[in-house]
Amino acid sequence: MTHIKVTVDGTPYEDEVAPRLLLAHYLRDVLGLTGTPIGCDTSNCGACTVDLDGATVKSCSVLAVQADGGTVTTVQGLAEDGEWTALQHAFHERHALQCGYCTPGMIMAARDLLRENPHPTSDEVREALEGNLCRCTGYQNIVRAVLAASGQQVPEEATA
Amino acid sequence: MTDQAVKAAAHEIGRSRLRKEDARLITGQTNWTDNIQVAGLLHLAVLRSPMAHARITRVDVSPALERPGVIAAFTGADLAEGLGSLPCAWPVTEDIVLPDHPPIAVDEVRHAGDPVAVVVARDRYAAADALEAVEVEYDPLPPVLDLEAALADDAPLVHSDKGTNRCYTWPLATGESFESARQRADVTLKRRYHQQRLIPNAMEPRAVMVTPIAASGEYTVYSATQIPHILRIMLATVTGIPEHKLRVIAPDVGGGFGSKLQVYGEEAVALAVARRLGRPVKWTESRSEGYLATHHGRGMIQDIEVAATREGRLLGLKVDLTADMGAYLMLVTPGIPILGAFMYPAIYKMDAYEFNCTGVFTTRTPTDAYRGAGRPEATFAIERIMDELAAELGLDPVELRRRNWIGHEEFPYTSIAGLTYDTGNYEAATEKALALFGYDELRAEQQQRNERGDTVRLGIGVSTYTEMCGLAPSRVLRDLRYAAGGWEAASIRMLPTGKVEVVTGTSPHGQGHETCWSQIAADVLGVPFEDVEVVHGDTRSSPQGMDTYGSRSLSVGGEAVHRAATKVVEKARKVAAHLLEASEQDLEFTDGVFAVKGSPEARKTIQEIAFETFTGHDLPDGVEPSINAETVVDPENFSYPHGTHLCAVEVDTETGRTRIRSYVCVDDVGHVVNPMIVEGQVHGGLAQGIAQALYEEAVYDDEGNLVSGTMADYLVPSAADLPDFVTDRTETPAASNAMGVKGVGEAGTIASTPAVVNAVVDALRPLGVTDVRMPCTPERVWRAVKEASA
């Protein structure tokens with residue numbers, strides 16, 4: 001077992017963990033932070049995406065010990081004093097989720113994109129989210145949500 | 001409540017209400033089955049066959065018991081007592097071959113991934129590790145993979161005790177004989193289409209957790225399922241645990257698309273193990289495991305033949321379908337192609353229809369419902385051959401459809417397959433779609449490109465579909481030999497403080513029922529949207545239900561909510577009349593307020609009635625102190641959404657790459673409760689239909705191994721692989737329910753696949769290409785071009 005210190009969503013934790021324990025399982029099974037789901041075993045789906053020391057990682061592909069001394073932000077740590085971020089608001093208002101299983105990873109990946117590129121084009125959003133799969137939405141409303149969160153004008157959906 | 005608040009509550013139906021479900025989903029406060037932890041929880045792992053077909057000559061789990069953290073391990077034989085065969089609820093013919101389906105294989109494995117043993121340990125890593133220690137010896141048997149070869153007399157058998165790989169033959173013949181239609185015809189065309197196997201890929205992998213109370217023999221089953229109610233009945237049957245001692249909960253469920261419309265072996269095994277050990281047990285599949293263990297969709301060979309006049313009028317249609325059941329019959333496996341049987345004639349008038357389906361066992365993962373379930377396959381075949389017929393006759397494909405479709409003035413119309421389409425307006429949807437698409441301009445551009453021999457060709461695909469959904473009238477299900485009914489239940493609980501609980505038998509997993517059922521109840525009751533809570537997915541709190549699949553939830557379950565709420569109003573009317581000292585006939589009910597006609601100051605809100613009923617202090621004689629109501633709705637007909645989808649693709653003839661340039665669809669799903677949610681359903685449906693056309697296929701090698709066995713090998717499209725869609729609607733209300741609604745969950749998937757493939761073929765037709773097998777990958781397109789020019 002290895003001793004690790006990790007700050008997750010603003011709370012410091014210390015634990016003895018097996019060296020092979022995945023960060024995703026550390027978050028979910030050890031800390032009970034189940035807001036970060038796991039959708040695959042090949043790092044294709046991106047559902048488990050979190051922020052580790054300012055970089056976006058798929059937490060199923062990172063060991064908990066690699067996060068030692070680090071700071072992790074999950075979807076559960078985004079809202080401040082209960083106030084949603086612009087991305088969370090946009091996902092809600094643009095109907096960018098249905099079952100919602102991909103949503104935590106999608107929001108974390110989009111957050112990373114907007115940090116790097118505050119005013120992306122629609123195509124840039126699509127490319128940036130290539131590593132996050134959604135089976136429900138067909139992505140169109142996710143793209144709209146990310147563009148809306150970046151402060152850009154986006155056509156209203158649901159006409160007729 | 002103020003008058004303004006009362007007013008604001010009305011007219012919810014038709015509004016794009018933002019979803020109630022979202023708050024927990026976008027903040028990570030979810031309750032997926034795998035999230036749930038309880039004291040003493042044990043983790044189950046499943047050892048699966050690496051072979052497609054083999055006799056199990058030895059299996060020994062005892063070495064696994066030596067591994068750290070392992071509590072127990074079981075073979076199929078160990079659990080055979082108290083664990084029956086997994087159910088098939090749809091034996092489509094009297095003489096169907098129904099093989100035994102043990103949740104854990106005992107003597108023989110019949111597909112790669114068939115379970116052979118389970119290990120139970122204190123954590124998921126220990127359980128997975130210990131699987132390696134289980135010793136299994138296999139004596140390989142020949143795989144059965146080719147659907148037609150499997151039907152030969154000397155073919156190796158998937159189920160040797162059955163003496164055949166033919167599961168069933170299901171015929172349908174209506175109208176004049178196809179042979180006589182053929183003799184009258186100027187043109188006949190015959191084509192073979194392949195419906196590749198698809199892997200559903202709900203984003204949440206399956207999971208099940210069982211918590212027992214051993215002393216009283218009670219069990220709670222949490223499962224990532226679409227069907228908690230059906231699951232409860234079936235688990236009682238499979239395990240012998242009395243139904244009333246089983247509680248099934250579908251917590252937050254992350255998508256299904258049919259893949260969670262199932263009674264899976266792991267659900268039964270987790271229950272059996274929890275019973276055996278008296279401890280809580282959880283199993284969560286990995287994605288790669290799910291690719292083997294969660295049912296697949298499609299998997300059919302379609303031989304389709306049309307007979308028509310020179311002018312393009314359809315005379316007859318003949319379909320010979322060969323459907324891959326996989327290794328076992330799961331819940332509704334045999335019925336899936338039969339759901340399609342009624343849809344091959346689609347929106348067209350004709351005089352003869354012959355359909356024949358042969359179900360075939362193979363040594364592959366079982367097939368079952370996948371979004372659309374039989375109807376996308378049917379729609380694909382008819383819409384593809386309509387384009388081929390148009391080409392043969394030199395007609396525009398839209399014009400050919402116009403010459404054959406049912407006119408809007410002809411409804412209700414009984415199709416050649418015997419369905420009564422209640423309403424529809426194919427002309428209106430098509431005109432709207434053509435205008436949005438810019439059809440004539442795109443045809444002109446296509447011609448220019450063809451004339452100059454552009455290496456990037458433009459193709460235009462059309463699909464004018466209808467489908468049957470809203471499963472289903474119980475008597476129709478009886479006639480189709482389905483084991484259960486198709487009704488749906490709803491009840492409304494009026495709480496003393498004026499808040500409302502809607503209890504539904506539907507079981508949402510992304511569809512937004514909490515939002516839409518709130519809108520329906522709020523409108524009928526005249527209460528604020530925010531004051532309604534929707535209760536679902538727990539057999540204890542919503543005891544009666546038929547769950548969610550087949551685009552049934554709104555037209556059957558939403559209709560039930562509507563009727564239950566209407567009953568509440570009628571019960572409340574009696575109390576209001578008493579309190580207002582007026583006759584019931586003299587009361588008007590508007591926006592949640594009962595008022596006496598002519599004296600509007602004499603009024604009671606429905607919330608006040610709820611409180612008065614709660615106290616019971618002043619009720620009319622013989623009236624019970626409750627205005628709660630429940631209802632069960634058995635639909636009188638299916639619902640028949642329809643629409644016109646148009647796709648423009650650019651196909652690079654040098655690389656074979658297809659790019660969707662524009663996609664326009666106009667769907668008619670009747671009246672709409674929440675336009676935003678409807679549009680979302682269409683988007684998602686389109687994505688899955690396009691994925692079948694261009695990207696996805698479950699590929700097996702000659703030994704029966706699933707080659708596309710991980711998400712890295714199976715192309716679920718990402719945002720970068722899909723275009724923006726232009727969606728619009730026409731609104732022809734359904735006549736078969738009071739709300740005038742139709743299903744929408746599957747429509748996009750049903751319509752889009754042929755639109756895309758028709759576009760690809762249309763782009764390449766001047767080069768001599770008449771078909772490209774799905775998925776239309778760059779390699780397949782490139783080869784089709786090369787072969788046509790050779």
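**View 1. Packing of helices α11 and α20 in chain B.** In chain B, helix α11 (residues 375-393) packs against helix α20 (residues 747-764) at an angle of about 30°, and their axes lie 8 Å apart. Axes are lines fitted to C-alpha atoms, for helices over the stretch in contact, and angles run from 0 to 180 degrees between N-to-C directions. α11(B) is therefore roughly parallel to α20(B) (angles under 35 degrees count as roughly parallel, over 145 as roughly antiparallel, 65 to 115 as roughly perpendicular and the rest as oblique). The crossing of these two helices is right-handed, meaning that the near helix is turned clockwise from the far one by less than a right angle. On α11(B), the contact is formed by Arg375(B), Pro376(B), Thr379(B), Phe380(B), Glu383(B), Arg384(B) and Asp387(B); α20(B) contributes Thr749(B), Ile750(B), Ala751(B), Thr753(B), Pro754(B), Val757(B), Asn758(B) and Val761(B). Residues are in contact if their C-beta atoms, placed from the backbone, lie within 7 Å. Of the residues in this contact, 7 are nonpolar, 4 polar and 4 charged (Ala, Val, Leu, Ile, Met, Phe, Trp, Tyr, Cys and Pro count as nonpolar, Asp, Glu, Lys and Arg as charged, and the others, Gly among them, as polar).

The model is predicted: local features need pLDDT of at least 70, side-chain atom pairs count only at pLDDT 80 or more, and totals for chains, interfaces and linings use all residues. Residues are numbered from 1 along each chain as its sequence is written, while chains are lettered from A and ligands numbered from 1 in the order in which they are written.

**View 2. The side of chain A that touches chain B.** Contacts between the chains involve 48 residues of chain A and 47 residues of chain B. In chain A, α2 (86-93), α3 (103-116), α4 (122-128) and α5 (140-149) each supply at least two residues of this side; helices are DSSP runs (H or I, at least four residues), numbered from the N terminus. The side of chain A that touches chain B comprises 22 nonpolar, 19 polar and 7 charged residues.

**View 3. Crossing of helices α2 and α3 in chain A.** The axes of α2(A) and α3(A) come within 10 Å and cross at roughly 130°. The two helices are therefore oblique to each other, and their crossing is right-handed. Leu87(A), Gln88(A) and Phe91(A) of α2(A) meet Thr103(A), Ile107(A), Ala110(A) and Arg111(A) of α3(A). This contact has 4 nonpolar, 2 polar and 1 charged residues.

Conventions
Two residues are in contact if their C-beta atoms, placed from the backbone, lie within 7 Å.
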